[in-house]
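Biologist: I am new to this structure. Could you walk me through how to read it?

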There are 2 protein chains.
Amino acid sequence: MAKIAILGFGTVGSGVLEVLDKNAAGIARRAGQKIEVKYILDIRDFSAHPKAELFVNSIDPILEDPEVSTVVETIGGIKPAYYYVKSALEGGKNVCTSNKELVATHGAELLALAVKHKVCFLFEASVGGGTPLITPLHQCLAANVIDSVCGIVNGTTNFMLTRMEEDGMSFEEALKVAQGLGYAETIDPSADVDGIDACRKIAILASLISGSEVHPENIPTRGIREITIDDIYFTRKMKLAVKLIAYASRGEKGGFACGVEPMVLPNEQILAGVSDVYNAVLVRGDLLGDVLFYGKGAGKLPTASAVVADVVDAEKIGTAIHDSLFWRASAPLKGKITNAGSYTYYVRVNNQDLQTLKEDLDGVVLSLQNQNQTAVLTLPMTEKEMEKKKAKLEKDGIHVATALRMLEV
Amino acid sequence: MAKIAILGFGTVGSGVLEVLDKNAAGIARRAGQKIEVKYILDIRDFSAHPKAELFVNSIDPILEDPEVSTVVETIGGIKPAYYYVKSALEGGKNVCTSNKELVATHGAELLALAVKHKVCFLFEASVGGGTPLITPLHQCLAANVIDSVCGIVNGTTNFMLTRMEEDGMSFEEALKVAQGLGYAETIDPSADVDGIDACRKIAILASLISGSEVHPENIPTRGIREITIDDIYFTRKMKLAVKLIAYASRGEKGGFACGVEPMVLPNEQILAGVSDVYNAVLVRGDLLGDVLFYGKGAGKLPTASAVVADVVDAEKIGTAIHDSLFWRASAPLKGKITNAGSYTYYVRVNNQDLQTLKEDLDGVVLSLQNQNQTAVLTLPMTEKEMEKKKAKLEKDGIHVATALRMLEV
């Protein structure tokens, strides 16, 4: 019998209790022992809850109880989750968390603490919700060097872009629908729409594949606020999809590119077919080639089921897991990670002057116009080159409304 | 230092040696120790090979050497692989294999032997080549009851169907191209085109999700020989794709459906977008909903990299893995597993008599005709009902050339 504590009884935390109850027999068989929740930490009043006797409002009894072998952290955010997790690891308890902000910000330190104290720090649910991704990445692909990961890791923005594409909604309309369905925060939706959530997730994946901490604040991050229905109109005609892509890849000479930005993808590309709240991450291994992991990126029970799978692994596999699930701490860079790669750009301007556009962009491969706008696809160029061309166009009186790179995989 | 033996130095076996050499440092770090090949069993002459000193032509020195902790079986087929694997497990050695025929036929017995002798019997590479599937299924989805798996598990037939759809080739032309590229056997391509390979793979997945041995001979299996360019023409117009689908699913009342057959899929279905030699398997967990695993289903290094990941797990995780990776032996059924589900059918007849077709099928939802043929989509019906309607049509002088069920997921 393994005894665990749940920190934070919100959506995911209550889901963990529910999952452990619902599929208890199968989980016990796979874990090789029964898994029982001994404490639930939440400062709110749960005295009317059927399991009221499990609730505590301080971390102390949990840390002091040697019977508790694993702590599930589903509070979210940094404070107080970080202190609780640190104390649990230092006290010789495994920690399983769904908290992407915590892992992206303090992952390296917490992994080192876990190794030092011979316990596990696991976080499958922090990226892709319930979709298996981190475990396959480090365990099943153990024989590979991972060259790149790229994909759609924020379900809310993917839902919004799908509504814009399929139902002709504007950004504002799609955001309202997403808020109405509880996918986006009502007061401040910026964690989703400005790419902050995706940035934390790619920071975790980038750290894992590079073996060295990649700090969220160093990752160039753009959200989808700039995408208009005009862009959807033009890209559809060009047989392209617009997706918020998070990526991390090794360069050929030891360089490392990483970012979050809206990109255009050819319709036949597998990621272009990922719609609504689904997430999908394409992983390229040096031996394996491309594999794709696809599923719903959020939701109470899916996310909780991933946390519980981590609890099973912590109790069963133990610390050997950190031979492959690990990254070193590193100091943050000054400024953002740069991407020196050349990309085809989709460019839209509020202007009909195709001739000047062609000249200033050194030629285009495709152009479309409507009453007052022009959209083109450029030849491949670097970000720096695009900045120069934008400045040139501006001088010629043409303002670039949107410039999106094309994802080529 | 872990010492291993490779049985069979064909494509996958030589790939395992290459992978262990190429990514030695990363593999050693993840395994927590160096992994060294001590023997290679092959009856052919490899005296000119750079590692000639490793080759043996009998299993005996391998079985007798207590230093060998894991045996990799990449011979394929049943004889002599089955005897070698059995002896290795009985001798207390882990076995990692890519041999789907062996696992589909003797998996239950070999898993029980592994548990009895406290060793591992692992076979990630037997389904989906290098694409992680078996490990995520039983480990990452440990908190779920798996309701169904369905997908494309044979790359050769998927390549052929893609050529037929994209390049207008006939079955025979597509087969020749597949043979020319080494995807299909030249002398007897039936393992691929008649669904035998897919049947073995779904037998493995069906056994795993049900916990009880599903015998390949009980799985109703149809290949793609019956698919013509007329079917491709009509299904394209109907915005459907034709795919060879392998599936296994729990019914609501404890029933279990399992089969391999060409099916039609709406174009927007994620599996419809899987083309060429790619494999993709959609897994539905009771908590998780749908997740998709996608990648190349074959190839030397991808498959070898999955075998090596199994070696790492065998050396590191050990027998605890069989708490979740296991199924019980069971006697084969008499006859085939039946599927009582209702499906929309795509039906093509060499006839223009739409009126009789409509009457005998009790109505259709869509119909298309060319010079001398008619294709329709029916209302949902069971297989038995379709057989009755086929007989009725036959009596009315209308022969059903093709009848394919629609996959609805």
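We go from confidence to overall form, then to one residue and the chain contacts.

Biologist: Which scores does the model carry?

Modeller: Start with confidence, since this is a predicted model. The scores are ipTM 0.92 and pTM 0.95. Chain A averages a pLDDT of 95, and 100% of its residues score at least 70.

Biologist: How many helices and strands are there in chain A?

Modeller: Chain A has 14 helices and 15 strands. Its C-alpha trace spans about 75 × 45 × 35 Å along the principal axes.

Biologist: What radius of gyration does chain A have, and what would a compact globule have?

Modeller: The idea is to compare the chain with a compact globule of 409 residues. Such a globule would have a radius of gyration near 22 Å. Chain A has 23 Å, so the two agree.

Biologist: What share of chain A is buried?

Modeller: Burial is read by counting neighbouring C-beta atoms. Of the 409 residues in chain A, 52% are buried.

Biologist: Which residues is A:R250 in contact with, leaving aside neighbours within four places in sequence?

Modeller: A:R250 is in contact with A:D147, A:S148 and A:F256. For distance, take another pair. A:R250 and A:L325 are 75 residues apart in sequence, and their C-alpha atoms are 18 Å apart in space.

Biologist: Now the two chains. How many residues of chain B are in contact with chain A?

Modeller: There are 46 residues of chain B in contact with 45 residues of chain A. On the chain B side, the elements giving two or more residues are α2 (24–31), α6 (134–140), β11 (289–296) and α12 (300–316). By class, that side of chain B has 24 nonpolar, 14 polar and eight charged residues.

Biologist: In which sense does strand β11 of chain A pair with β11(B)?

Modeller: Look at the bridges between the strands. Strand β11 (residues 289–296) of chain A and β11(B) pair in the antiparallel sense, over five bridges. For one of the bridges, find A:G295: its partner in β11(B) is B:V291.

Terms used
Residues are numbered from 1 along each chain as its sequence is written. Chains are lettered from A and ligands numbered from 1 in the order in which they are written. This is a predicted model: local features need pLDDT of at least 70, side-chain atom pairs count only at pLDDT 80 or more; totals for chains, interfaces and linings use all residues. Two residues are in contact if their C-beta atoms, placed from the backbone, lie within 7 Å. Helices (H or I, at least four residues) and strands (E, at least two) are DSSP runs, numbered from the N terminus. Ala, Val, Leu, Ile, Met, Phe, Trp, Tyr, Cys and Pro count as nonpolar, Asp, Glu, Lys and Arg as charged, and the others, Gly among them, as polar. Two strands pair if DSSP finds at least two bridges between them. pLDDT is the predictor's confidence in each residue, from 0 to 100. The radius of gyration is taken over C-alpha atoms; the globule rule is 2.2 Å times the number of residues to the power 0.38. A residue is buried if 20 or more other C-beta atoms lie within 10 Å of its own, exposed if 12 or fewer, and partly exposed in between; C-beta atoms are placed from the backbone.
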